[in-house]
Amino acid sequence: MIIYTKNVTEVAVSVFGLPTPVLKLKGGIDLLAHCSRQLLSLVPAIAKRAVAFVAACIAISAICFIPRGYARLETWTGVTGFQWGPYWEELSLYLSGLLQGDLGVTFIGTNVADEIARTAPTSFLLLAAALVWATVFGVLFAVIAHASRHRFSRSALLGSAVLTISLPDFFVIVLLQSAILMILRSTGVLIIPALGSVTLRGLILPAVTLGALPAAYIARIVAVALEETEHADFMRTAIAKGRSRLEAVLFHALRNVSSTALASLPSVYGITISGLIIVEYLTTYPGVGNFMVMGITYHGPNIMPPIAFLFSGLYFVLDTLAVIGRAWLDPRQREEAAL
Amino acid sequence: MRHWNLPLILGIFLCSVLLIMVLFPSVLAPGDPHERRVLWTNPDTGQKELAPHPPSRHFTLGTDNVGRDMYTRLVWGARFTLGMGLAIAAGRFLIALVIGTIAGWWGGALEWLVRQTAIVMSGLPLLLLSYVFLVGMKMLHPDTPDRPLLFIWILVFLGWPRLTEQVRLLVKNCRVLAHVESARAAGATETRIVSRHVLPIVSPQLITLVPMEMAFALIVVGQLGVLGMHAAAPYTVMAADGTAVTVHRLPEWCQMLGFTRHCLGKFPWLPLVPASALAASVLGLNMLAEGVRRRLMSRMGRGVGVG
């Protein structure tokens, strides 16, 4: 239940005729109470995601210990001394270790936690760059496509977004890399490095390819939502007031569709996190995904569950942020968010 | 003005090409996909050349690093890769249709379970999970038997919750339809209502889900191929007389991509050809789904069909 602060202060003024500083203080307290009430209404939504995350962690651990093929990996790397017990024993041992904050050791003797802490920040950098790029570019793309008057240019722009969605990410990377190399071969100019690194230039290719798919998704979602506001009253009013079409879309329609767009963002983030592994591996970017694929043979299976926890935790955090963002942007969603 | 349904046209075109490749590979590529030409005399120059041979008049798409014609391998590999995608999609559909319908219609504990499983699984990247599974299942080891079957099982097992949730929602939305109510009023049993009045209503949407699911499966299979997990590995078997015999690698797109991704700098056609083939099939299937969806929507707009 939401009680608006404005009404309470108005009542206070009319009944008690309070002096201004007291009134201001009262207003501030009311505002604070209002905000905390808003936050409290989000608690069930956040708690639900936290429970889902814990369930996901247990599921990952259970899945990681189902296969019994690790003994063979052990002999490959020449490391002995790993004795694998029965399934339930292994699983409970691992989970109890997890509760004490122990992620285990790799085959070469290093701490899994250290290895993850070493590689995770570079992955986060790439993910953040890709998501920011994808969101900004996707929304801009949708606005331009929507604001363009010609039917042909609009369908061409939206068609290219649909085309990008339909292409696998590895194809986009391989294509871009070969294009870069072909230009290098013929002209001797390296536009951007064909492999990723933590420098600004080295970040371009992985971030662009990782963000291409979510950008196309966001563009499509926002464009469809904008299409629905086409004949809304507020748009007609804005245009009647003398706003240009682009201005009306930017200042009036976009705010209205933002909560719809945010609702579908978590699934987009899920795809991005999946793509992170492929992009990192193909561009040899020194992040978690690359570490996982390169290291599986000599670091052993212990590195798998923490990486999966990391990715699924990231997904649920982004999901929660999307819920909070929706509640912040759209008053209609505030009560629904609690569900 | 007439609206062209471009996605449908593109989808049907690409999918029919793929279908011909799957059904009649010998028509498109009469050569042998396993024939090696490591040292090959170029008839144009008369000189001996070392594989891989670049795309030319003799090899449309070039050859791989032991001189096998890429085009022939591509055509013969369609059967394997697309068959796997189809098998994964079909397996998921079978599970989703049964469990999703029961959960959506009768509800109860099963519905709760399906919903929660879908929520939890949505937070886990499918690629990561299947990779974990395949690593554990000795997929890295070459002589694991039944690799394709193992592959299909794992991807079906990990991918069904999302699809089941979709089917559940479709079926659940049918509960309030007028003709379902009238069927119930007429005394039809629940099973009869589901089979005669609900499933036919949702079948168009289900049909559009099939190519999309197949495209989705193909993307994951391709990504796993990039990471070095593919169903068609070279493997050595013991012959009857005790000698080791190396079985030829099946021409499979994901394996072709996974093995040659390092060659991008020097021999770009090696990874580009299988990657483009995978991209074209994913694109074709997605466009087919999109085109069918548009067509159904325009038909519904004219008042034909319900739901």
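This is a predicted model: local features need pLDDT of at least 70, side-chain atom pairs count only at pLDDT 80 or more; totals for chains, interfaces and linings use all residues.
Chain B contains 10 helices and four strands. Along the sequence, these elements are arranged in the pattern α-α-β-β-α-α-α-α-α-α-β-β-α-α. The chain comprises 307 residues, of which 50% count as buried. When contacts in chain B between residues at least 6 apart in sequence are considered, 71% of them join residues at least 24 apart.

The size of an interface is often expressed as the accessible area that is lost when the parts come together. For chain A and chain B, the buried area is about 4,100 Å², and carbon and sulfur atoms give 77% of this area. Chain A places 47 residues in the contact, and chain B places 45 residues there. Across the interface, three residue pairs are found in polar contact, both residues being at pLDDT 80 or more. On the side of chain A that touches chain B, two or more residues are given by each of helix 2 (20–65), helix 3 (70–77), helix 6 (151–165), helix 7 (169–187), helix 11 (265–282), helix 12 (288–299) and helix 13 (304–329) of chain A. Helix 7 of chain A supplies the largest share of this side, with nine residues. By residue class, the side of chain A that touches chain B consists of 34 nonpolar, seven polar and six charged residues.

Over all chains, the structure holds 15 salt bridges. The count between chain A and chain B is one salt bridge, in which the side chains of B:E290 and A:R220 meet at 2.9 Å, N to O. This pair crosses from helix 10 (residues 269–301) of chain B, which holds B:E290, to helix 8 (residues 200–228) of chain A, which holds A:R220. B:E290 counts as buried because its relative accessibility, 9%, is under 20%. A:R220, by contrast, has a relative accessible area of 28% and is partly exposed. A network of salt bridges links A:R220 and B:E290 with B:R293 and B:R294.

Further salt bridges lie within chain B. In one of them, B:E213 is joined to B:R92, with the closest N and O atoms 2.6 Å apart. The pair links distant parts of the chain, since B:E213 belongs to helix 8 (residues 190–226) of chain B and B:R92 to helix 3 (residues 70–106) of chain B, 121 residues apart. B:E213 is buried at a relative accessible area of 2%, and B:R92 is buried at 0% relative accessibility. A salt bridge is also formed by B:E111 and B:K172, whose closest N and O atoms are 3.0 Å apart. B:E111 lies in helix 4 (residues 109–122) and B:K172 in helix 6 (residues 147–173) of chain B, so this pair ties together parts 61 residues apart in sequence. B:E111 counts as buried, at 15% relative accessibility, whereas B:K172 is partly exposed, with a relative accessible area of 35%.

A:Y315 and A:F316 form an edge-to-face pair, with 5.3 Å between centres and 75° between the planes. In chain B, B:F267 and B:W269 form a pair that is edge-to-face, at 5.8 Å centre to centre and 65° between the planes. Of these residues, B:F267 is partly exposed, at a relative accessible area of 27%, while B:W269 is buried, at 14%.

Key: Residues are numbered from 1 along each chain as its sequence is written. Chains are lettered from A and ligands numbered from 1 in the order in which they are written. Side-chain values use heavy atoms; hydrogens and water are left out. Contact means heavy atoms within 4.5 Å. Buried area is the accessible area (1.4 Å probe) that two parts lose on being put together, summed over both. A salt bridge is a side-chain nitrogen of Lys or Arg within 4 Å of a carboxyl oxygen of Asp or Glu. A polar contact is a pair of N or O atoms within 3.5 Å; within protein, one must be able to donate a hydrogen and the other to accept it, and residues adjacent in sequence count only if both atoms are side-chain atoms. Ala, Val, Leu, Ile, Met, Phe, Trp, Tyr, Cys and Pro count as nonpolar, Asp, Glu, Lys and Arg as charged, and the others, Gly among them, as polar. Rings of Phe, Tyr and Trp (its six-membered ring) pair if their centres lie within 6.5 Å; planes under 30 degrees apart count as stacked, over 60 as edge-to-face and the rest as tilted. Buried means under 20% relative accessible area, exposed over 50%, partly exposed in between (1.4 Å probe, protein chains only).
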